[in-house]
Amino acid sequence: MSVTISDLVERVKSHRCYSHPIFKNWAKVEPEPPVVGALFHQIQSFCASTRPGWAFPDALKAHGLHRQSELLEEIVESESGHGPELATMAGYIINQSAEKPVFADLYNQEKVEAKLKAFSDQLLGSLPGYDMETGLTTQVRKAIGVFDHRKLTDIENTYRNLGTTLALEMISNQQLIPGEKYCLVDSGIYNADLEVPEMHYLLEHWGEVGAEQHHEQNARTAVELALKTEYAHLVIEGADDFLDSLTGLWDVLDAALLQSGVAAAAQSQRKVAYV
């Protein structure tokens with residue numbers, strides 16, 4: 001199978017995940033604080049699973065892919081420690097959408113994330129397969145499961161993981177981060193500015209000089225080399241696995257939280273403190 005990096009990039013761009021309307025619907029619905037909290041719980045749980053490299057960098061080295069290992073290590077190191085910043089941003093956005101602050105301390109990651117989970121349990125707990133212990137939907141667990149493959153070191157999974165990495169970084173840079181900026185900042189719903197300290201997570205990831213742009217370039221370089229091998233089909237499989245699983249997550253969140261009437265039914269009670 002002869003596949004170029006341009007072919008794979010176009011494959012990612014043509015996938016439904018790449019143009020999913022979840023963030024446009026978020027801005028359109030202007031969800032109440034509990035809905036925002038439930039969305040953030042699922043999204044931050046997924047994002048947390050994408051940061052560790054696990055055995056992936058070492059597996060690349062073991063299979064002679066030394067340059068790819070270096071590029072992946074750069075991404076992993078860059079993403080380290082972003083969990084607290086994402087929690088702070090989530091808490092800040094929720095406070096901005098409520099009349100009274102929901103979170104007294106935006107920098108207490110444990111308390112912020114516990115409240116996000118409580119919102120998720122409240123609104124998504126009745127979904128089939130929802131796990132009350134972790135607060136995760138079936139779909140987010142499936143998306144997280146794609147990154148568990150980074151713990152495996154066989155050559156087949158190593159090449160699949162390269163494809164997953166490219167798709168992840170393209171979606172992060174061109175769909176997820178721009179989508180968050182659109183609904184959280186550009187929409188004007190939350191009166192949020194990228195320059196305030198609480199929005200540093202998004203500021204750091206956004207734009208041509210942001211972290212995600214650099215990560216995508218690293219991933220493209222790593223995968224371009226891998227596509228010249230007999231394992232190119234596995235790279236494609238890895239990309240598809242990620243795109244399909246994330247689309248499933250976006251679909252369920254969109255349907256359950258942004259198109260279900262949850263937010264619309266509460267419009268008259270917006271700006272209430274949810275404590």
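**Exercise 1. A salt bridge at Lys 181**

In this predicted model, Lys 181 counts as buried at 12% relative accessibility. Find the salt-bridge partner of Lys 181 and decide whether that partner is buried or partly exposed.

*Solution.* 
Step 1. Take Lys 181 first. Its relative accessibility is 12%. Buried means under 20%, so Lys 181 counts as buried.
Step 2. Look for the partner. Lys 181 forms a salt bridge with Asp 186. The closest N and O atoms are 2.9 Å apart.
Step 3. Check the distance. A salt bridge needs a nitrogen within 4 Å of a carboxyl oxygen.
Step 4. Classify the partner. Asp 186 has 47% relative accessibility and counts as partly exposed.

**Exercise 2. Two further salt bridges**

The whole structure has nine salt bridges. Work through two of them: Arg 11 with Asp 240, and Lys 151 with Asp 148. Which parts of the chain does the pair of Arg 11 and Asp 240 tie together?

*Solution.* 
Step 1. Start with Arg 11 and Asp 240. Their side chains meet in a salt bridge, at 2.7 Å from N to O.
Step 2. Arg 11 lies in helix H1 (residues 5-14), and Asp 240 lies in helix H12 (residues 232-258). So the pair ties together parts that are 229 residues apart in sequence.
Step 3. Classify the two ends. Arg 11 is partly exposed, at 39% relative accessibility. Asp 240 is buried, with a relative accessible area of 19%.
Step 4. Turn to Lys 151 and Asp 148. Their side chains meet in a salt bridge at 3.6 Å, N to O. Lys 151 is partly exposed, at 44%. Asp 148 is partly exposed too, at 35%.

**Exercise 3. How two helices pack**

Helix H2 covers residues 22-29, and helix H9 covers residues 155-186. Are the two helices roughly parallel or roughly antiparallel? Describe their contact.

*Solution.* 
Step 1. Read the geometry. H2 and H9 pack at an angle of about 10 degrees, and their axes are 8 Å apart.
Step 2. Apply the cut-off. Angles under 35 degrees count as roughly parallel. H2 is therefore roughly parallel to H9.
Step 3. List the contact residues. H2 supplies Ile 22, Phe 23, Lys 24, Trp 26 and Ala 27. H9 supplies Gln 175, Leu 176, Gly 179, Glu 180, Tyr 182, Cys 183 and Leu 184.
Step 4. Sort them. The contact of H2 with H9 has eight nonpolar, two polar and two charged residues.

**Exercise 4. Cysteines without a bond**

How many disulfides does the structure hold?

*Solution.* 
Step 1. Count. The structure holds zero disulfides.
Step 2. A disulfide needs sulfur atoms within 2.5 Å.
Step 3. Cys 47 is buried, with a relative accessible area of 8%. Cys 183 is buried as well, at 0% relative accessibility.

**Exercise 5. The surroundings of Phe 56**

Where is Phe 56 placed, and which residues does Phe 56 touch?

*Solution.* 
Step 1. Phe 56 is in helix H4 (residues 56-62).
Step 2. Check its accessibility. Phe 56 is buried, with a relative accessible area of 0%.
Step 3. Find its contacts. Leaving out residues up to four places away in sequence, Phe 56 touches Leu 72, Arg 150, Thr 158, Asn 161, Leu 162 and Thr 165.
Step 4. Compare sequence with space. Phe 56 and Thr 153 are 97 residues apart along the chain, while their C-alpha atoms are separated by 6.8 Å.

Methods: Residues are numbered from 1 along each chain as its sequence is written. This is a predicted model: local features need pLDDT of at least 70, side-chain atom pairs count only at pLDDT 80 or more; totals for chains, interfaces and linings use all residues. Side-chain values use heavy atoms; hydrogens and water are left out. Axes are lines fitted to C-alpha atoms, for helices over the stretch in contact, and angles run from 0 to 180 degrees between N-to-C directions. Helices (H or I, at least four residues) and strands (E, at least two) are DSSP runs, numbered from the N terminus. Angles under 35 degrees count as roughly parallel, over 145 as roughly antiparallel, 65 to 115 as roughly perpendicular and the rest as oblique. Contact means heavy atoms within 4.5 Å. Ala, Val, Leu, Ile, Met, Phe, Trp, Tyr, Cys and Pro count as nonpolar, Asp, Glu, Lys and Arg as charged, and the others, Gly among them, as polar. Buried means under 20% relative accessible area, exposed over 50%, partly exposed in between (1.4 Å probe, protein chains only).
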